[in-house]
Amino acid sequence: MRSGFVIPGGDVWSIPDLAAEAEAAGWDGVFIPDCISIETERVPASAWFDPWIVLAAVAIRTERVRLGPMITAPSRRRPWKLARETVTLDHLSRGRLILSVGLGAAGDDAGFYKVGEAMDLRVRAQLLDEGLELLAGLWSGQPVSYSGEHYRVQGMTLLPTPVQSPRIPIWVVGAWPRMKSMRRALRWDGILPIKKDGTGEVMTPADIQAMKAFVAKRRRQSSPFDIVVEGETPGDDPAQAAVIVRPLVEAGITWWMETMWSSSDGLEAVRTRIGQGPPRLG
């Protein structure tokens, strides 16, 4: 299992500093939100900065950790522009970018309906699927011609190609056990599962085990496939942290993503948790 930390906010100077501290403390990945303006029960109102510019600073300040947005909504980004941004960041980081994608947070009001972006889930799903198909094509460095319901491309070639081969890894938010959502995730490199069975509960080890079996049975590619679960562990109680994470690892997760979305203690609490290091199972 690898452990990532989602830095929930901060100023443009503190986030790269925190990323460097996370690398020194033994975390395997550092991720930051990608939003225009968002306020939910889990995420209080805050100042937000462009993720690609901040991640560029993170790439320069670090050498080992994987990095990326958590998460990007391709439905509100032109695929060719997103292709250029991601390839640039992949080169700056020397091949450490992971692109996490989804339909977008409903609470990100200013980034969607206040500016006329598509809100219908079916349309946003179509935009996501077409956008990912175009991204993969444009990353290839080969001429791309495409005619979809929403996007048209005529013989476009983008260079350079990413550092990573065969492409930058893509993690997709997937609703378990909804088949259409799961089939989308299986086409790519990993899943950030959300439980959608009507109970409103979080993913349990039993859910992860069932989903892993589904992936093994239905996924056609032989390349590695990540199962990414987020949550919060007590950095000052390693034994309890292991109790929280171990059942999920045994069930099949490959990444634990430490999040502090609901923390009201500010930046210093985030810094303290980063410095305590990732949960250890040994």
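User: What volume does the largest cavity have, and what makes it a cavity rather than a pocket?

Analyst: In this predicted model, the largest cavity has a volume of about 70 Å³. The word cavity applies because a 1.4 Å probe fits there but cannot get out. The structure holds two cavities of 30 Å³ or more.

User: Which residues line the largest cavity, and how do they divide by class?

Analyst: The lining is made up of Pro8, Gly9, Gly10, Ile15, Ile32, Pro33, Ala47, Trp48, Phe49 and Val54. By class, eight are nonpolar, two are polar and none is charged.

User: What about the second largest cavity: what is its volume, and which residues line it?

Analyst: Its volume is about 30 Å³. Ala83, Arg84, Val87, Leu138, Trp139, Leu158, Leu159 and Pro160 form the lining. Two elements, helix H3 (79–92) and helix H4 (121–139), each give two or more residues to this lining, and H3 gives the most, with three. The classes here are seven nonpolar, no polar and one charged. Arg counts as charged, so Arg84 is that one charged residue.

User: And the second largest pocket: what are its volume and lining?

Analyst: The second largest pocket has a volume of about 370 Å³. There are 20 lining residues, and Pro166, Pro169, Asp189, Ser223 and Pro224 lie nearest the centre. The lining has nine nonpolar, four polar and seven charged residues.

User: You mentioned Pro166. What kind of peptide bond joins Ser165 and Pro166?

Analyst: A cis peptide bond, with omega at about 10 degrees. Pro166 is in the loop between strand E6 (152–156) and strand E7 (170–176). Trp176 and Pro177 are also joined by a cis peptide bond, with omega of about 10 degrees, and Pro177 sits in the loop between E7 and helix H5 (179–186). For context, most peptide bonds are trans.

User: Why does Lys195 count as buried?

Analyst: Lys195 has a relative accessibility of 13%, and that is under 20%, so Lys195 counts as buried. Lys195 lies in strand E8 (residues 190–195).

User: How do you know that the side chains of Lys195 and Asp207 make a polar contact?

Analyst: The distance between them is 2.9 Å. A polar contact needs N or O atoms within 3.5 Å, so this pair qualifies. Besides Asp207, the residues that Lys195 touches beyond four places in sequence include Trp176, Glu201 and Met203.

User: Which residues touch the most other members of the largest nonpolar core?

Analyst: Of 62 residues in that core, these are Ile7, Leu132, Trp139, Ile208, Met211 and Ile274. H4 gives the most to this core, with eight residues. A second, separate core has ten residues, among them Phe31, Ile98, Leu192 and Met257.

User: What caps the N-terminal end of H2, and what do the buried residues of H2 pack against?

Analyst: Asp50 is the cap, with a side-chain oxygen 3.0 Å from the backbone nitrogen of Trp52. In H2 (residues 51–61), the buried residues are Pro51, Trp52, Val54, Leu55, Ala56, Val58 and Ala59. They pack against helix H1 (14–25), strand E2 (29–32), E3, H3 and strand E4 (99–101).

Notes:
Residues numbered from 1 in each chain as written. Predicted model: local features only at pLDDT ≥ 70, side-chain atom pairs only at ≥ 80, totals over all residues. Heavy atoms only, no water. 1 Å grid on protein atoms, 1.4 Å probe; cavity = no way out; pocket = protein on both sides within 12 Å on 5 of 7 lines; lining within 4 Å. Points joined across faces, edges and corners; volume = space filled by probe spheres on them. Helix = DSSP H or I, 4+ residues; strand = E, 2+ residues; numbered from the N terminus. Core = buried A, V, L, I, M, F, W, Y, C linked by side-chain atoms within 4.5 Å. Buried < 20%, exposed > 50% of the residue type's maximum accessible area, 1.4 Å probe, protein only. Contact = heavy atoms within 4.5 Å. Polar contact = N/O pair within 3.5 Å; in protein donor to acceptor, adjacent residues only side chain to side chain.
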